Amino acid sequence: MLEKDINLDISRRLYMLLRSHGYRTILNRTGDYALSDENRWLNSRSRHIRDLAQRKELSEQVPASIVVSMHVNWGRNKSRRGALVLHQNDGRSALLASAIQDSLDTLYNSHRLPEVGEPFYLLRHIDSPAVIVETGFISNAEDRVMLTSKRGQQKIAEAIYAGIVHYFTVM
């Protein structure tokens, strides 16, 4: 049970939902490989920074209306659960985050407010409205079931999809 596998499974499901409803969508990776392996132009020894820079570059090369980065949360406190959406310090990004957060809150029967993700490279360097979606806590037993089951992953993807649709409806 690895975060990268969960992220990719949910992302593929979201991709298919968006494509099947006519949205032009791109996945930055379709398999289990590091984006940094393709990054030859950024001189950094950090694979993580090269991965992030590759994502930024992709959003510039292929003009993006929005950027959604998928992740799984973890915490020492095993009772913490639910999704959290982080956004840029920008109105459009905050609106996108709010729409996705509201939809995920309905799924998780929780109430959280999206947060500004100030320290995150992706949110600082991408010009398009961008969000980081922490889809749940792998450290929480209830969330873990949702994050690792096909049915749960589909529900998460559908909730994110509904938030994205809502965002485009009000923009």
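Predicted model: local features only at pLDDT ≥ 70, side-chain atom pairs only at ≥ 80, totals over all residues.
I will begin with the overall make-up. The protein has six helices and four strands, and if you follow the elements from the N terminus on, they run α-α-β-β-α-β-α-β-α-α. Of its 171 residues, 46% count as buried, while the accessible surface comes to about 9,600 Å², with 50% of that belonging to carbon and sulfur atoms. If we take the contacts between residues at least 6 apart in sequence, 73% of them join residues at least 24 apart.

Now to the helix pairs. Two packed helices are described by the angle between their axes and the distance between the axes, and I will give both for each pair.

Take helix α1, residues 3–20, and helix α6, residues 150–170, whose axes come within 8 Å and cross at roughly 50°. An angle of that size makes α1 oblique to α6, and the crossing in which α1 passes α6 is right-handed. On the α1 side, the contact is made by Ile 6, Asp 9, Ile 10, Arg 13, Leu 14, Leu 17 and Leu 18, and on the α6 side the residues include Lys 150, Gln 153, Ile 156, Ile 160, Tyr 161 and Ile 164. Sorted by class, the residues of this contact are 10 nonpolar, two polar and four charged.

The other pair again involves α6, this time with helix α5, residues 141–148, and here the axes are 4 Å apart and the angle is about 90°. That angle makes α5 roughly perpendicular to α6. In this contact Met 146, Leu 147 and Thr 148 of α5 meet Lys 150, Gly 152, Gln 153 and Ile 156 of α6, which by class gives three nonpolar, three polar and one charged residues.

Is Ala 99 buried or exposed? Its relative accessibility is 8%, and because the cut-off for buried is under 20%, Ala 99 counts as buried. Leaving aside residues up to four places away in sequence, Ala 99 touches Gly 163, His 166 and Tyr 167. As for Val 85, which lies 14 residues from Ala 99 along the chain, the C-alpha atoms of the two are separated by 9.6 Å.

Methods
Residues numbered from 1 in each chain as written. Heavy atoms only, no water. Axes fitted to C-alpha atoms, helices over the stretch in contact; angles between N-to-C directions. Helix = DSSP H or I, 4+ residues; strand = E, 2+ residues; numbered from the N terminus. Parallel < 35°, antiparallel > 145°, perpendicular 65-115°, else oblique. Left-handed = near helix turned anticlockwise from the far one by under 90°. Contact = heavy atoms within 4.5 Å. Nonpolar A, V, L, I, M, F, W, Y, C, P; charged D, E, K, R; others polar. Buried < 20%, exposed > 50% of the residue type's maximum accessible area, 1.4 Å probe, protein only. Areas by Shrake-Rupley, 256 points an atom, 1.4 Å probe, with all protein chains shown as cover.
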